[in-house]
Amino acid sequence: QVQLVESGGDLVQAGGSLRLSCAASGSIASINAMGWYRQAPGNQRELVATITSSGNTNYADSVKGRFTISRDNAKNTAYLQMNSLKPEDTAVYYCNADILRRGPWRTFNYWGQGTQVTVSS
């Protein structure tokens, strides 16, 4: 079994900062790409940022220059540093990862349960 657990969501004023964490646990051999997605009420889930195992990153245009994705491979953890937050960043943020599992020795895609980020104006 593998789990992704997000944390760090909160209520913050516009212009503020938050740092989200996503910790993977279980029978993990290695983690390939990790990413953050978000879903606001009435909207589809959208990509925020991704990071490969070697550290290459990709961002949605709406967060470039404000958000930074990083990871600690030794801790099987990804982070999302969010600065200059705007009310339109309000959403549930989900972690996603491609994980090679021990045992079956196959790669599966996993989602976390989500963490709420609310930005007040």
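Student: In this predicted model, which residue of β8 does Ser-21 stand opposite?
Tutor: Tyr-79 is the residue opposite Ser-21.

Student: What makes β3 and β8 a pair of strands?
Tutor: The cut-off is at least two bridges. Strand β3, residues 18–26, and strand β8, residues 77–82, share six bridges. Six meets the cut-off, so the two strands count as paired. Their sense is antiparallel.

Student: Where does that pair sit in the sheet?
Tutor: The sheet is open and has four strands, in the order β1-β3-β8-β7. The pairing is antiparallel.

Student: Why are β1 and β7 called edge strands?
Tutor: Strands β1 (2–7) and β7 (67–72) each have a single partner strand, so one side of each lacks a neighbour in the sheet. Neighbouring strands here are turned by 15° against each other on average, direction ignored.

Student: How do you know that Cys-22 and Cys-95 form a disulfide?
Tutor: Their sulfur atoms lie 2.0 Å apart. The limit is within 2.5 Å. The pair therefore qualifies as a disulfide. By this rule the count is one.

Student: Which parts of the chain does the pair link?
Tutor: Distant ones. Cys-22 belongs to strand β3, and Cys-95 to strand β9 (residues 91–101). The two cysteines are 73 residues apart.

Student: What is the handedness of the link between Cys-22 and Cys-95?
Tutor: The link is left-handed, with -80° about the S-S bond.

Student: Are Cys-22 and Cys-95 buried or exposed?
Tutor: Both Cys-22 and Cys-95 are buried. That label means under 20% relative accessible area.

Notes: Residues numbered from 1 in each chain as written. Predicted model: local features only at pLDDT ≥ 70, side-chain atom pairs only at ≥ 80, totals over all residues. Heavy atoms only, no water. Axes fitted to C-alpha atoms, helices over the stretch in contact; angles between N-to-C directions. Buried < 20%, exposed > 50% of the residue type's maximum accessible area, 1.4 Å probe, protein only.
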